Amino acid sequence: MNNRITNLSEYTQAYDKSVENPEQFWEEIAETFQWQKRWDNVLDWNFKDPDVKWFVNGKLNITENLLDRHLEKRGDQIAILWEPNDPKEAHQEITYRELHEKVCQFSNALLAQGIGKGDRVIIYMPMVPEATVAMLACARIGAVHSVVFAGFSATALADRATDCQAKMILTADGNYRGSKSIPVKSVVDKALEKCDCVEGVIVFQRTNTEVNMKEGRDVWWHESIEGISKEYAAEVMDSEDLLFILYTSGSTGKPKGVVHTCGGYMIYTYYSFLNVFQYDEGDVYWCTADIGWITGHSYIVYGPLLAGATTLMFEGVPTFPDAGRFWEVCDKHQVNQFYTAPTAIRALEACGLEFVEPYKLDSLKVIGSVGEPINEEAWHWYHEHVGKRNCPLVDTWWQTETGGIMISALAGIIPVKPAHASLPLPGIQPIIVDRNGNEITGKNVQGNLCIKFPWPSILRTTYGDHERCRLTYFTTYENLYATGDGAKRDHDGYIRILGRVDDVMNISGHRMGTAEVENAIDEHLQVIESAVVGYPHDIKGQGIYAFVICENASDNIKEEIRSKVSEIIGSIAKPDKIQVVPGLPKTRSGKIMRRILRKIAAGESDQLGDTSTLLNPEVVEAIVLGAEV
Ligand code: PRX
């Protein structure tokens, strides 16, 4: 396949070229695609404002490039292979031609419901093919999608819809998760009590759960497409028009809407997909993420379809009907590339080898990891029992803001090393800096990971608040994109990601801000103040530990706090441990000393260091005595 690096010296050549002449490097890749109008210049940028533009004044539609462009050669090839939650239900095979028709038809349906170019549309749906159709139909008419993970609460959904002033929500009646069926539409109804920008709701029927349909606002998906044309010429978009907004947590405040645009995102997700996974014609590729996260956007939908791949989309959970489900699906569909998160690997490892051993897994060529640091034990288990020591394991480091994989081995080309993301992709210029922003060169060094040159899928802004984008990513160090992660460069020059250096936790590969969870806990009437930290957790990577000061705490205060957090954010944010404390350790200026709380939560109370300068050193002892370890 064009643009695919096939050996180590090609990687080195491509990398060197991408640094010496980035514009020419990316321009050649961009030429793979159909542009309605060619760009005037490849890149305009500064990290000060920040202001980054790729393929300036180029015109295109990303869906033409991932659907129409493929019709002639691969119209009958499967684009989406959908595996349902229940293995007894039939799977679906949707060809490129069928997907094209579905997307065009739903584009027309959206237009008929009054949605047009530039409007924001929230997608709050289970993992059904229609969720992908929804994303692509938005992209085709130029509406901006914002997918919200269907596990988020009504409040979280309302906050996001309000922030981006969404005009419509696309949803479903319910969501099958293992043996459960979870209502979805009723969450939307509740969210809409709190936000008045949304004018219409389209509801896909999945679980046949009874729902309330509000006249004049709610329409069934199947009715919205009745008698609607399956042809629609894609809207012409500017390279820098918004493609989507995706909300993600930071160290302060509410989640922010990370903005990605059409041209650069298209080039980078395509190029990184092809090269990291070494996708070959005819392969079946499976990423187990949910489309509610960036991994689902870039590596279930956009990257694979741009490359003309067959992408498997899975509705269920790894442990239903039992902990062999992933492997059963791999064998059933002869999966060639498999991409999942360390938390899933650790959970399945804990279930025992009897769930993986019955499966052949001999179609697998590449296995991948994403979302959090993968510990060596999980790495070896995955490599040995899933990859049968035969598949390169690519540990891919990236972020919602980066749009695509930044640091990773290219499967079979760059030798891998357990728990190391390894080397940057062509076009990516990482550097490690000390706390003053000075570059730390050489081997065996560690510090804060930054990127010094723009790549095509870098975030452009945070929706409605450009200043927040500037402050969060571009002011920590001058002229650098600050990732918020710590990293080490080893003696071979390989990069190992050490985890976040800010107040962002990573719970089962999901990003969660400590402040966000604290704000939710503080909503409980008996809570006076709280402090939340992450602590090492065997399966989740990190667990959430909440220290709370309460007034007249009731007997079941912990359960009440958990349900409050569930109600405000979603059950993924529920604290694993809650400790009611008499006070929180504070500096003389009133700042909570999180360092101390992190040590206590990690069971390292013997390493607290000097606490005598605290405003209230006496609370530390009380907290240590009552700690849940
Ligand atoms: O801390 C890093 C961790 O996940 C963060 C980004 O989270 P999110 O935007 O939700 O995107 C997750 C999927 C790309 C990063 O700042 N992270 C992601 N991948 C890895 C990782 N940490 C270590 N190794 C990885 N491979």
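Is K558 buried, partly exposed or exposed? K558 has a relative accessible area of 33% and is partly exposed. Here buried means under 20% relative accessible area, exposed means over 50%, and partly exposed lies in between (1.4 Å probe, protein chains only). The model is predicted: local features need pLDDT of at least 70, side-chain atom pairs count only at pLDDT 80 or more, and totals for chains, interfaces and linings use all residues. Residues are numbered from 1 along each chain as its sequence is written, and side-chain values use heavy atoms, with hydrogens and water left out.

K558 forms a salt bridge with E628. The closest N and O atoms are 3.4 Å apart. A salt bridge is a side-chain nitrogen of Lys or Arg within 4 Å of a carboxyl oxygen of Asp or Glu. K558 lies in helix α16 (residues 557–568) and E628 in the segment after α18, so the pair ties together parts that are 70 residues apart in sequence. Helices (H or I, at least four residues) and strands (E, at least two) are DSSP runs, numbered from the N terminus. E628 is partly exposed, at 29% relative accessible area.

A search of the whole structure finds 43 salt bridges. One of them joins the side chains of E89 and R206, with an N to O distance of 2.9 Å. This pair links distant parts of the chain, 117 residues apart. E89 sits in the loop between β4 and β5. R206 sits in the loop between β11 (200–204) and β12 (218–220). E89 is partly exposed, at 31% relative accessibility. R206 is buried, at 13%.

D218 and R217 also form a salt bridge. Their closest N and O atoms are 2.6 Å apart. D218 counts as buried at 11% relative accessibility, and R217 counts as buried at 14%. A network of salt bridges links R4, D280, D283 and K365.

Seven strands form an open sheet with mixed pairing. The strand order is β5-β4-β17-β16-β18-β19-β20. Two strands pair if DSSP finds at least two bridges between them. β5 (92–95) and β20 (393–396) stand at the edges. Each has a single partner strand, so one side of each is left without a neighbour in the sheet. The twist averages 20° from one strand to the next. Axes are lines fitted to C-alpha atoms, for helices over the stretch in contact, and angles run from 0 to 180 degrees between N-to-C directions.

I78 stands opposite T95 in β5. β4 also runs parallel to β17, again over four bridges. There, E83 stands opposite F314 in β17. β4 is mostly covered, with five of its six residues buried. G368 stands opposite V394 in β20.

Helix α10 (residues 294–306) packs on the sheet. Helix α10 touches β4 (78–83), β16 (284–287), β17 (310–314), β18 (337–340) and β19. Contact means heavy atoms within 4.5 Å. The direction of α10 makes about 165° with that of β16. Helix α11 (residues 325–332) lies across β4, β16, β17 and β18. Its direction runs at about 155° to β18.

The ligand is surrounded by 17 residues. The closest are T396, T400, D485, R500 and R511. A residue is near a molecule or strand if one of its heavy atoms lies within 4 Å of it. Polar pairs were also examined. A polar side-chain atom of T400 lies 2.5 Å from an oxygen atom of the ligand. For R500, a polar side-chain atom lies 2.8 Å from an oxygen atom of the ligand. A polar backbone atom of G371 is 3.1 Å from a nitrogen atom of the ligand.

N616 is found in the loop between α17 (594–601) and α18 (618–626). N616 is buried, with a relative accessible area of 13%. Not counting residues up to four places away in sequence, N616 touches L584, P585 and K586.

Note on methods. Polar contact = N/O pair within 3.5 Å; in protein donor to acceptor, adjacent residues only side chain to side chain.
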